[in-house]
Amino acid sequence: MTHRSLANEDPYDPQLGKQELRRRCRARRATVDHRTRMSRDDRRTEHAMSRLLWAHKVALYLSQGDEPDTLGLADTLVTMGKQVLAPVLTDGHGRPLHEPAWAWYDSKNVRTGLWQIPEPVAPVLPASAIAQAEVVLCSALLVDRAGYRVGVGGGWYDRVLTQRSPGVPVWAVVDDDEIVEEVPHDSWDEPVTAALAPTGLHLLGQ
């Protein structure tokens, strides 16, 4: 599938820098109507499930706001008997954790954490718990053909992805128009292996 920019202006020109790219992507996501968003989410979840039948443990961020939905995917995975490891950003009392952490997801025990992000109410596990995951699905605003992503900021995933087991794939969850030719990246940015979009799983860095 070919992804191209607008004819006269590239809204995601890498020369704009990460902050401006984040602003533009969030603004564009906010214009997507509810029906279109639900259709995209349903198709993305269907593709994800077809690719995750073999996995027993999946690391998966819990979406909020205009982000591509992952809560439905998390619930489906758990219903199928799989374990979902989700990020935890607070100590349960509104105070942010200083280091990345995880917990096992249960749809009946979820609270609203930092920046309104859902997180499991469960024993907190260290960042190294990602080593148990057989696939990692991470948030992204944009991802490029080399696998570099523009995240929401803060470097949370860049810090934990280095601790996953060798060879474990990482999928950035995005919409199709968020797969672009190039984004700015720094030496510490961890590339992902694929983009999970409504049209399917697109391999990157090939």
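The largest pocket holds about 780 Å³ of space, while the largest cavity has a volume of about 30 Å³. The largest nonpolar core has 46 residues, and another core, of eight residues, lies apart from it.

**Confidence**

- Where pLDDT is low, the predicted coordinates should not be read in detail.

**Nonpolar cores**

- In the largest nonpolar core, of 46 residues, the members that touch the most other members are Trp-102, Val-136, Leu-137 and Tyr-157.
- Two or more residues of this core come from each of the helices α2 (34-51), α3 (71-79) and α4, and from each of the strands β1 (57-60), β2 (83-90), β7 (135-139), β10 (170-173) and β12 (194-197).
- The core of eight residues that lies apart from the largest one includes Leu-21, Cys-25, Leu-141 and Leu-142.
- Leaving aside residues up to four places away in sequence, Leu-137 is in contact with Val-58, Ala-59, Leu-60, Tyr-61, Leu-73, Tyr-157, Trp-171, Val-173 and Leu-196.
- In soluble globular proteins, nonpolar side chains tend to be buried together.

**Largest cavity**

- One cavity of 30 Å³ or more is counted.
- The residues lining the largest cavity are Arg-44, Thr-45, Asp-69, Thr-70, Leu-73, Leu-137, Val-173 and Leu-196.
- This lining divides into four nonpolar, two polar and two charged residues.
- Leu-137, one of the lining residues, also touches Leu-73, Val-173 and Leu-196, which are among the lining residues too.

**Largest pocket**

- The lining of the largest pocket has 37 residues, and those closest to the pocket centre are Trp-115, Ile-117, Ser-139, Val-152 and Gly-153.
- Elements that give two or more residues to this lining are α1 (18-30), β2, β3 (96-104), β9 and α4.
- The most is given by β3, with five residues.
- By class, the lining of the largest pocket has 18 nonpolar, 11 charged and eight polar residues.

- Trp-115, among the residues closest to the centre of the largest pocket, sits in the loop between β4 (110-112) and β5 (118-120).
- Trp-115 counts as exposed because its relative accessibility is 64%, where the cut-off for exposed is over 50%.
- The phi of Trp-115 is positive, near 55°, although the residue is not a glycine.
- Gln-116 is in the loop between β4 and β5 and has a positive phi of about 65°, also without being a glycine.
- With a relative accessibility of 55%, Gln-116 counts as exposed.
- Thr-112 belongs to strand β4 and is exposed, at a relative accessible area of 54%.
- Between the C-alpha atoms of Thr-112 and Val-124 the distance is 15 Å, for a sequence separation of 12 residues.

- Lys-18 is part of helix α1.
- The relative accessible area of Lys-18 is 18%, so this residue is buried, the limit being under 20%.
- Beyond four places in sequence, Lys-18 touches Val-150, Pro-184, His-185, Asp-186 and Asp-189.
- Lys-18 and Arg-149 are 131 residues apart in sequence, with a C-alpha to C-alpha distance of 9.8 Å.
- Gly-151 is located in the loop between β9 (149-150) and α4 (156-160).
- Gly-151 counts as buried because its relative accessibility is 9%.
- Contacts of Gly-151, not counting residues up to four places away in sequence, are with Arg-22, Ala-140 and Leu-141. Leu-141 is among the members of the core of eight residues.
- Asp-186, a contact of Lys-18, is 12 Å from Gly-151, C-alpha to C-alpha, and 35 residues away in sequence.

Notes:
Residues are numbered from 1 along each chain as its sequence is written. This is a predicted model: local features need pLDDT of at least 70, side-chain atom pairs count only at pLDDT 80 or more; totals for chains, interfaces and linings use all residues. Side-chain values use heavy atoms; hydrogens and water are left out. Helices (H or I, at least four residues) and strands (E, at least two) are DSSP runs, numbered from the N terminus. Buried means under 20% relative accessible area, exposed over 50%, partly exposed in between (1.4 Å probe, protein chains only). Contact means heavy atoms within 4.5 Å. On a 1 Å grid over the protein atoms alone, a cavity is a set of points where a 1.4 Å probe fits but cannot get out, and a pocket is an open set with protein on both sides within 12 Å along at least five of seven lines; lining residues have an atom within 4 Å of a point. Grid points are joined across faces, edges and corners, and a volume is the space filled by probe spheres set on the points. Ala, Val, Leu, Ile, Met, Phe, Trp, Tyr, Cys and Pro count as nonpolar, Asp, Glu, Lys and Arg as charged, and the others, Gly among them, as polar. A nonpolar core is a set of buried Ala, Val, Leu, Ile, Met, Phe, Trp, Tyr and Cys residues joined through side-chain atoms within 4.5 Å.
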